[in-house]
Amino acid sequence: MILARFLGPRVWILVAVILAAAVLVPMANLGLPRDHPLHVPSYAVQLWGRFVCYALLALALDLVWGYVGILSLGHGAFFALGGYAMGMYLMRQIGARGGYGNPVLPDFMVSLNWKELPWYWYGFDQFWFACLMVVLVPGLLAFVFGFFAFRSRVTGVYLSIITQAMTYALLLAFFRNDMGFGGNNGLTDFKDILGFPIQAVSTRAALFAASCVALAIGVLLVGWITRSKLGKLMIAVRDAESRTRFIGWRPEYVKLFAFTVSGVMAGVAGALYVPQVGIINPGEFSPLNSIEVVIWAAVGGRGTLIGPVLGALLVNYGKTIFTTVWPETWLFLLGGLFVFVTLLLPRGIVGTIDHGFDAFRATRRARDAEKGEAAGAVPNPAE
Amino acid sequence: MNRAIPWLLLSLAVLLFGPGPAAAQQAEADPAAIVQKFGGKQSFDATEAVIAELAATGDERVARALRALRDGDLYWRESDEAVFVATRKGGDYEIFDPITGASAGTVPSGDLQKVRVKNSIRNAVTGALGTLTLRADNPAQRMRAASTLFSEADPEMIGPLDAAIAAEEDAAVKARMEEARASAVLASDLPAEDKAAAAKVLAGRADRESLTMLIRFAGATDDPVARQAAEAAIVAIQNNIAFWNQMQNVWYGLSLGSVLLLAAIGLAITFGVMGVINMAHGEMVMLGAYTTFVVQEFIRNNAPGLFEWSLAIALPLAFLVSGAVGLVMERGLIRFLYGRPLETLLATFGVSLILQQAVRTIFGPSNRQVGNPDWMSGAFDVGLMSVTWNRLWIIVFALVVFLALLAVLNRTPLGLQMRAVTQNRRMAAAMGIRTPWVDAMTFALGSGIAGIAGVALSQIDNVSPNLGQSYIIDSFLVVVFGGVGNLWGTLVGAMSLGVVNKFLEPYAGAVLGKIVVLVLIILFIQKRPRGLFAQKGRFVDA
């Protein structure tokens, strides 16, 4: 396959590992007895299922930050919008089982004394429609926002700040009760998804597998985009935007494409996340959430495919451990991580290892070349 | 009530030492005692003498008894000749204390005797009421009397008011008396022309009270001339009230704007002048607020007398604390990241998390109480709007900080060097300026200013570890909106954002108003990516 050579072996190994996890973890959770040494407890499936969604979100951010140089501090907004779209479907699935027993209206609307379903809730009783919205709503927001921002050449930190303002504005908006999204409490008390009880161990395992598959597709998609001609153009825009424009390309369209795809990926990640945690509330829009995503990508290594995935899993696992064992220290550690990574590890873990290998190979090649020169061969300077 | 205690003490003294001359004199001056002289069967002359005596006390509280006397509501009890104001309640009378107006229960009608009056007595009462309060020596007392009469709108008082107006020399009191007369005229049965003139006078006063008075009058009157005048006056007053509502909005807006200005002005230095994205800026503000808290705690425990000075003491300390943290940040972190704005953003965000958690660990996660000194509390009225002192001081303070910073930038050697380094770093270095030192000082200055802002914000906001977070996005928007590298832009940006926000609030509600402002700024940045007052020329991209 062309794609196989195109992406390189490392990406395929990553995809294979993710897909293996998608199959093996649910098997080890459901198939093996509780006392078996390889049994994966259910809470771990749920935990890592969330982390896989985070990894997809980090990958989405990496597409714009690592490859196009757009530091978005508002990716949590796309994630949360996807989550809300899924949450609305799950709310409609509750039906008459809610506290007020209203077959159509979710509980919070009944308690607000609403008589009718707002128009934007129509259709969310259909799974396919919700899936469409999971893709469309974040994608549309990213497209419209990006269209205006990139067209008027808002770049660098200005863009970062207005993306942050965007998610902040959405945070405030979703806190309002009369928005019709449950206000402060958000959407919760979900019962089932596609007819399967959402609390069941097997549903959790299936959601884990689905998240892994989505992540694998995401890795392939980002790999394919970044290694295509368009990907080259993205990197050109990242490294020298004005020069790219002078050559005759339109950087704003390249950016818009990457930003929209990235927004959609973030939305999908959010949609997979919500059924696993069982709640979506406006807190997901908080600027802090979005900026944490940035640190996942930075720790793992931006501009790589493995980096953000690895970073998201590592940082979140660390967060889980520290917030349970020693909650006071987590913010110190997270803050320190920001400082440490930007100051001492700007390439991230994967980037630094790669760079180390490259440097090692370069010196070896230079040494070989020296030897070769002595033997009369043509030198092959490595860059 | 507060008069009751000395009165009790006095009676105690009388009991203990017998009636001395001084005590007797004071007892005679007490209106409650004089009022009792109405009791018992009296000649009209004696009643008139009591009225004169009451008027001579100059105490406004006797007005209730006098008015009751005039209206025939003053009674005395047969059993003890005690005097009461009484109103008919079924077959009985409900009686009230003639001075305080406190209810004293109900009595059967047979127990009470009316204090007899005739026209000459009524005239004497009206005259006494007029001289009593409207002719008092103290202008403040006359003013109060006129205000009371204004709300009472008593047609009987027109005569005394006219006399008082003729004699009045204080212009402000005179105006108030004329308003009182106008309100009385509206309630009287004088000819329509007089009422129309009165409506004009009330239109000049133009507050909510005269508005309700006029609306009631316009609804009740049959005379077209008077009604027309009243309606014109109503429109004028409504316009006036609307005007003051707008002024109040502007005031709230300026107040919010000055808060934004304070929060953003340090950022205008670090971000605007140096181009450093300092996400820990809000935490510098927070450190300033906590410095105020620590200073106040120290003063409370060691020198409570200095509390009024606590803010003045906290100001330099907050500047030093935040400035020092800023200096350490610049030397230890930011100088390695110049030219990499996105990395600076992330690293300083990390610092902000660390500072927040540090403060949370030391001071606890809950809000800390920072007190307002006396001169910061209270309010006063301007026209129809109320102005609180702390908001006023914060506006003044924000402007002072702004001007001081402007002076530092434009009039000091450090400011000169700062501008030189921002405009052309290499040339500045070639001229012998120690650019790293200037960087450090600039950053410390910006951070220190943020600390000062924290002292002011501690007066109107909750002092908690999250204090800074709530300002950081707003501050950046102000700086970006105003135009990077331009202090005046920051001023205009902060004030206009504040005012726009407050004008949107009545229509859209607080949260939606804020969202609208955010969206407007996002759209504005699309249109003018470099802000309101963009720098022009070759330094734009430098």
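Into which domains is chain B divided?

**View 1. The domains of chain B in the predicted model.** Chain B is divided into domain 1, covering 4-120, domain 2, covering 135-222, and domain 3, covering 244-527. Between the C-alpha centres of domain 1 of chain B and domain 3 of chain B the separation is 63 Å.

**View 2. The contact between chain B and chain A.** Chain B contributes 33 residues to this contact, and chain A contributes 38 residues. On the side of chain B that touches chain A, the elements giving two or more residues are helix H15 (341-363), helix H20 (469-482) and helix H22 (510-527) of chain B. H15(B) supplies the largest share of that side, with 14 residues. Sorted by class, the side of chain B that touches chain A holds 25 nonpolar residues, five polar residues and three charged residues.

**View 3. The crossing of helices H13 and H14 of chain B.** Two packed helices are described by the angle between their axes and the distance between the axes. For helix H13 (residues 281-302) and helix H14 (residues 310-332) of chain B, the axes come within 8 Å and the crossing angle is roughly 140°. H13(B) and H14(B) are therefore oblique to each other. The crossing of H13(B) and H14(B) is right-handed.

**View 4. Residues where H13(B) meets H14(B).** The residues of H13(B) in this contact are Met284(B), Leu287(B), Gly288(B), Thr291(B), Thr292(B), Val295(B), Gln296(B) and Ile299(B). Those of H14(B) include Leu311(B), Ile313(B), Ala314(B), Leu317(B), Val321(B) and Val325(B). Also among the H14(B) residues are Ser310(B), Ala318(B), Ser322(B) and Gly326(B). By class, the contact of H13(B) with H14(B) has eleven nonpolar and seven polar residues, and no charged residues.

**View 5. Confidence along chain B.** The mean pLDDT of chain B is 81, with 92% of its residues at 70 or more. Which elements of chain B have the lowest and the highest mean pLDDT? The lowest, 45, belongs to helix H2 (residues 21-29) of chain B, and the highest, 93, to H14(B). For the model, the scores are ipTM 0.82 and pTM 0.75.

**View 6. Stretches of chain B with pLDDT under 50.** Over residues 8-28 of chain B, pLDDT stays under 50, and the model has eight contacts beyond four places in sequence for this stretch. Residues 537-542 of chain B also stay under 50 in pLDDT. For residues 537-542 of chain B, the model has two contacts beyond four places in sequence.

Terms used. Residues are numbered from 1 along each chain as its sequence is written. Chains are lettered from A and ligands numbered from 1 in the order in which they are written. This is a predicted model: local features need pLDDT of at least 70, side-chain atom pairs count only at pLDDT 80 or more; totals for chains, interfaces and linings use all residues. Domain bounds come from an automatic or database domain assignment. Two residues are in contact if their C-beta atoms, placed from the backbone, lie within 7 Å. Helices (H or I, at least four residues) and strands (E, at least two) are DSSP runs, numbered from the N terminus. Ala, Val, Leu, Ile, Met, Phe, Trp, Tyr, Cys and Pro count as nonpolar, Asp, Glu, Lys and Arg as charged, and the others, Gly among them, as polar. Axes are lines fitted to C-alpha atoms, for helices over the stretch in contact, and angles run from 0 to 180 degrees between N-to-C directions. Angles under 35 degrees count as roughly parallel, over 145 as roughly antiparallel, 65 to 115 as roughly perpendicular and the rest as oblique. A crossing is left-handed if the near helix is turned anticlockwise from the far one by less than a right angle, and right-handed if clockwise. pLDDT is the predictor's confidence in each residue, from 0 to 100.
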